Amino acid sequence: MNKTIVIVGGGPAGLEAAAALGSSPHHVLILEKEHNTGGKLKNWHHLFPNFADASEILKSLEKSLPLNNSEIKYDCDVFKMEQMDGNLLVSLKSGEKIKADAVLLATGFDLFDAYKKEEYGHGIYKNVITSSELEGMFVNNSFPDQLKDGLPKKIAMVHCVGSRDKKAGNMHCSKLCCITGVKQAIELRKYLSKSSVYNFYMDLRMYGQHFEELYQEAQEDYGVNFIRGRVSEIAEISDGKLQVKAEDTLSGRPMKMIFDLVVLLIGMTPATSAASIAQSLALPKSGSGFLAPVHQHISANETCIPGLFLAGTCREPLSLQESITDARAAALKIIEWLKLKDNH
Ligand SMILES: Cc1cc2nc3c(=O)[nH]c(=O)nc-3n(C[C@H](O)[C@H](O)[C@H](O)COP(=O)(O)OP(=O)(O)OC[C@H]3O[C@@H](n4cnc5c(N)ncnc54)[C@H](O)[C@@H]3O)c2cc1C
Ligand code: SF4
């Protein structure tokens, strides 16, 4: 018998899961809280590690939907769920309730709120921006005039903002900000050819395929400087110039440098939009607050709630490629689960 599968979130993971479920006989309903699909991907310009155009990737994810058996509903903010007679009852903020045989949570992640790191001056100094805001400048070609004037500029990229930081409440590594910092440093050198770029890092975590090569390329072909140092404070001195104080952790010496622009590489944090859903089902969370699967190693897409599955960055920081692969794996698990349900 055909069943109803609800996918919460129409970001890359939700879209890919819906496409993978397209060949099943079941009715697939994507509930997206925004006016459009795409999640964070719609805000990015060119993607690491190969500078693929994010809008083209998004088009190809969206192009296969909706299929005959699938439907996308926008402005549908899911906030609660309950178990009911072997099914799940999904509640929207609008008051609507939808009965589902299986639910896939693909609610994604939030960006770390850089205002919480007061010592870095985001929201106080106009030339302190986040990596996400820099992506927006590339997308809209909206760089501040003082950066476009053709004069040499000095730009700092600060790694680990809001990640690996006990004070900020996030002990986890966001995995992707090191490679984002490398990619954006190259883009800045291409865009502002007279600029010099300095990346301040604690460790460089180039875990993915072609990440290490891009890091080498940044140094050898684009002259990006990497300084092993933790930034303690950023302060405006005059004319929008920023003084960055750091400790060079290789030499053990404090250092001060002046920059025209500082980019904070903000980390990924658990999505607040998933918190009330998790609470309503007493769904466990991992140490860093992301939604926890039933077993990290062998059942990463399943939860302790029958019929409830996870895909993408709602369960941990993942790259786009990883989120997409994860969504396909979750779709297979859902089909298996519905077969079992039918046989009982
Ligand atoms: C600064 C930055 C740059 C990045 N650049 C790259 C890159 O170059 N290459 C790369 O491979 N990866 C990159 N990534 C990672 C990439 O953005 C993620 O892998 C991808 O967005 C994860 O997709 P997702 O569907 O899991 O989550 P998201 O993109 O967060 O999508 C989640 C969706 O769920 C919806 N939603 C959430 N809660 C609800 C709810 N309660 N009800 C209904 N809908 C809901 C949201 O509105 C959203 O549409 C970058 C990440 C960051 C932080
Ligand atoms: S990926 Fe790099 S910048 Fe991001 S938290 Fe991990 S070590 Fe820090």
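How many nonpolar, polar and charged residues does the shell around ligand 1 have? In this predicted model, the shell is made of 19 nonpolar, 16 polar and 5 charged residues. In total, 40 residues surround ligand 1. The closest of them are G9, G11, G39, G108 and G312.

Several elements of the fold take part in this shell. Helix 1 (12-20), strand 10 (109-111), helix 3 (131-140) and helix 8 (320-342) each provide at least two of its residues. The shell can also be described by domain. The protein chain is divided into domain 1, which covers 4-108 + 271-342, and domain 2, which covers 114-268.

One residue of helix 1 deserves a separate look, namely E16. Is E16 buried or exposed? E16 counts as buried because 26 other C-beta atoms lie within 10 Å, and the cut-off for a buried residue is 20 or more. Leaving aside residues up to four places away in sequence, E16 touches L61, I324, A327 and R328. The chain also brings E16 and A331 to 8.8 Å from each other, C-alpha to C-alpha, although 315 residues separate them in sequence.

Notes:
Residues numbered from 1 in each chain as written. Chains lettered and ligands numbered in written order. Predicted model: local features only at pLDDT ≥ 70, side-chain atom pairs only at ≥ 80, totals over all residues. Near = placed C-beta within 6 Å. Helix = DSSP H or I, 4+ residues; strand = E, 2+ residues; numbered from the N terminus. Nonpolar A, V, L, I, M, F, W, Y, C, P; charged D, E, K, R; others polar. Buried ≥ 20, exposed ≤ 12 C-beta atoms within 10 Å, placed from the backbone. Contact = placed C-beta atoms within 7 Å. Domains from an automatic or database assignment.
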